[in-house]
Amino acid sequence: MKSALKASAAFGALLMATTVAGGAYAAESLQDVMKRRGLNEKDLLAAAKTYTPTGGRDEFIAFSSGGQSGQVIVYGIPSMRILKYIGVFTPEPWQGYGYDDESKAVLAQGNVDGKQITWGDTHHPAASETNGESDGKFVFINDKNNPRIAVIDLHDFETKQIVVNPIMQSEHGGAFVTPNTDYVIEASQYPAPLGGEYVPLEQFNDKYRGAVTYWKFDKSKGRIDPSQSFSVELPPYTQDLSDAGKLVSDGWSFTNSLCSERYVGGIEKGRPPYEAGCSANDHDYLHVVNWKKAEEVFKAGKVTKIKDHPVITLKTAIEEGLLVLVPEPKSPHGVDVSPDGKYIIVGGKLDSNAHVYSFEKIQAAVAAKKFAGKDSYGVPIIDVKDAIHKQVPLGLGPLHTQYDSKPCVAYTSLYVDSQVAKYDYCEGKVLDKISVHYNIGHLMTMEGDTTKPKGKYLVAMNKLAIDRFNPVGPLHPQNHQLIDISGDKMELLYDMPLPLGEPHYVMAIAADKVKPAIRYKFGTNSRTDQQSAFAVRPGGEKVVKNGNKVEVFGTAIRSHFTPEIVEVEEGDEVTFHITNMERAQDEVHGFAVSGMDVNLSLEPGKTASASFKAAKAGVYPFYCTEFCSALHLEMEGYLMVKPKGAQQMAGKAEEGVKYVKADFDKQYKSCIDTQAVIDQVVAYITSTNFKDFPSVVALVEDATDQLNFAKDARAKADEAAKKEDWQQATLWAGQWWQYQVKAADIGLRAKTYLEQNGAKPAK
Ligand code: CUK
Ligand code: CUA
């Protein structure tokens with residue numbers, strides 16, 4: 001405590017010195033800064049719209065695909081500040097993801113045919129919905145290369161589950177949710193034999209297929225239930241993107257495609273490459289699937305099992321009338337259902353129009369069985385004129401579409417033109433265009449996939465950054481550009497470099513819907529959300545040896561692990577299970593062991609485990625990897641790996657300093673003085689209505705814990721003093737003081753919070 005007071009006095013002096021020194025320079029005015037940095041008034045306005053002063057919060061939380069990093073990137077809008085990387089398909093050491101046993105089990109769910117895959121090509125995050133609106137509960141994301149879907153729970157922003165698509169070899173049209181998150185949709189990309197066996201390319205037309213999988217999501221468990229999931233077989237076109245119908249079109253899903261030419265390349269054999277053969281025709285096909293009907297067909301058992309996964313064959317899909325095709329512009333990209341569910345917009349990519357289809361017209365054609373023909377597999381095709389509402393000429397390379405809160409207003413990315421087009425899709429009228437930098441892929445408006453888009457902002461996800469940022473070598477960061485869409489004209493506000501893979505899609509949720517926990521219930525395995533069987537409370541720590549298996553059941557609290565010295569024998573299989581006993585917000589401990597490829601992230605309340613083989617005799621320090629307190633560097637221990645057959649450690653370890661009675665008396669007096677300070681803080685807190693502030697209540701609980709530990713340490717010091725063992729007595733008195741300092745630190749945080757948040761006298 002005294003040292004804390006001393007430190008703050010020193011800080012005060014430093015502050016004064018800075019102020020005096022600062023007097024030599026005149027403070028810059030706003031005009032000076034504008035001149036020095038070459039800013040105009042428009043820049044200032046943009047800055048004012050995005051700048052978020054310290055402690056400020058964002059209005060929306062964006063979840064970006066991390067592209068090849070296999071992760072999800074979380075950032076705030078409008079500040080564009082990155083808040084988190086969530087490890088999904090790729091190990092991420094800070095979060096212990098892939099470095100503790102619990103998360104290794106999640107990653108192992110993503111093994112493909114038993115092979116461990118340590119990355120993913122994440123493309124499309126989707127937010128869980130209730131009645132067509134974002135509910136802030138879950139995020140789903142797909143992996144294009146290894147056909148997989150992951151489930152992230154926004155309770156703690158951790159990946160809980162990975163499912164591997166058993167019949168696909170690659171995918172692209174996932175993850176898209178139905179309006180009540182009953183299903184997560186995943187459509188294949190490159191056609192292949194369903195189930196993955198070898199079939200020569202000569203049999204492409206006959207044996208290669210696409211598919212769309214409807215993964216059943218169990219909302220109460222927060223997990224996909226593969227046993228209730230099914231797929232619909234599709235022709236071997238290269239399926240592209242998907243979207244679920246909503247409101248009037250609820251129960252239907254849409255998946256577009258390219259390369260309906262079913263071209264097989266082979267440039268090495270002198271054949272024209274894929275790109276030529278796959279863009280020869282004037283149109284491709286939009287697949288329109290009645291998934292509600294498909295669900296009935298699946299439940300009635302009219303399926304074929306491929307690798308144990310139920311598949312509705314093309315034949316059955318045609319017989320049951322649950323699949324029709326609608327011609328799309330050549331090599332399209334993107335398919336996005338309007339908020340009212342009435343329209344489906346497809347970007348032309350190689351055609352300069354956005355094609356706005358009418359769900360009502362499609363329905364009428366289906367009901368009247370009015371088809372223009374069939375494809376080679378017998379799937380009925382609706383004539384384009386019986387499905388189209390408008391073709392809107394937008395510019396070159398239209399791709400993806402997002403919707404505004406204003407009715408009939410949509411935004412489509414123009415890849416070739418490097419622009420965003422704003423238009424009225426009901427009337428087919430272009431309203432505005434803005435240039436972006438450069439070659440935009442997806443774009444995203446706030447909750448723009450839902451029945452209630454929030455408007456306000458749009459983010460352009462540009463494929464190329466070129467000259468936008470300081471050069472960092474030939475591999476450039478991605479450029480996410482924030483655009484204000486609240487007025488009639490779009491206004492560019494901010495460029496954010498994103499240096500972690502190529503994010504394809506991003507979606508954003510109103511920040512007030514996202515309500516993550518700040519701590520876990522004591523002893524939680526965060527990957528299963530269950531109580532860990534390995535959690536222990538202070539006093540219950542133990543080391544259990546069973547043959548060559550050694551299990552350590554330990555705890556972590558500022559600023560020590562229990563146990564601190566662990567002895568094992570060369571060749572032992574060692575597991576550390578550690579529970580973080582903290583309750584205070586943001587008091588995370590780490591746990592790493594030299595040379596063992598282990599790092600745990602122990603958030604308050606969490607239990608995590610690290611298993612490894614102690615292969616080589618030696619001395620292995622372990623320590624806490626999060627700077628958790630003033631004595632963080634002392635949060636350490638040793639794993640002693642003894643050579644086979646070596647003796648147990650005999651007697652006491654050697655120590656440096658020897659303590660005498662005077663040392664004990666001095667330490668004891670500091671403890672008594674510190675207690676006086678603590679008493680003052682406690683008196684202040686209890687004089688207020690602190691119970692009305694949940695975060696203060698948590699701090700008080702934590703401080704009480706520390707004071708109870710302090711009491712124990714004091715008793716040990718007293719007992720040793722009685723025996724005149726000044727060594728033990730001084731060290732335990734020192735530990736008593738450590739606990740007091742932590743209690744005081746927490747108490748002062750509570751006091752500051754109360755003072756800043758208008759605490760009133762207790763009633
Ligand atoms: S995307 Cu996957 S190739 Cu336009 Cu959704 Cu980038
Ligand atoms: Cu715990 Cu550093």
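**Exercise 1.** Work out how helix α10 (residues 661-686) is oriented relative to α12.

Step one: the axes, lines fitted to C-alpha atoms over the stretch in contact, with angles running from 0 to 180 degrees between N-to-C directions, lie 9 Å apart at an angle of about 20 degrees. Step two: angles under 35 degrees count as roughly parallel, so α10 is roughly parallel to α12.

This is a predicted model, where local features need pLDDT of at least 70, side-chain atom pairs count only at pLDDT 80 or more, and totals for chains, interfaces and linings use all residues. Residues are numbered from 1 along each chain as its sequence is written, chains are lettered from A and ligands numbered from 1 in the order written, and side-chain values use heavy atoms, leaving out hydrogens and water.

**Exercise 2.** Now do the orientation of α11 (residues 694-722) and α12 (residues 726-756).

Step one: their axes come within 8 Å and cross at roughly 165 degrees. Step two: over 145 degrees counts as roughly antiparallel, so that's the label for α11 against α12.

**Exercise 3.** Is strand β31 (residues 478-484) buried or exposed?

Step one: buried means under 20% relative accessible area (1.4 Å probe, protein chains only). Step two: seven of the seven residues pass, so β31 is largely enclosed by the rest of the structure. Step three: check both faces; Gln478, His480, Leu482 and Asp484 are buried on one side, and Asn479, Gln481 and Ile483 on the other.

**Exercise 4.** Find what joins β31 to β32 (residues 491-498).

Step one: seven bridges join these antiparallel strands. Step two: a hairpin connects β31 to β32 through six residues.

Note on methods: Helix = DSSP H or I, 4+ residues; strand = E, 2+ residues; numbered from the N terminus. Parallel < 35°, antiparallel > 145°, perpendicular 65-115°, else oblique. Buried < 20%, exposed > 50% of the residue type's maximum accessible area, 1.4 Å probe, protein only. Pairing = 2+ DSSP bridges.
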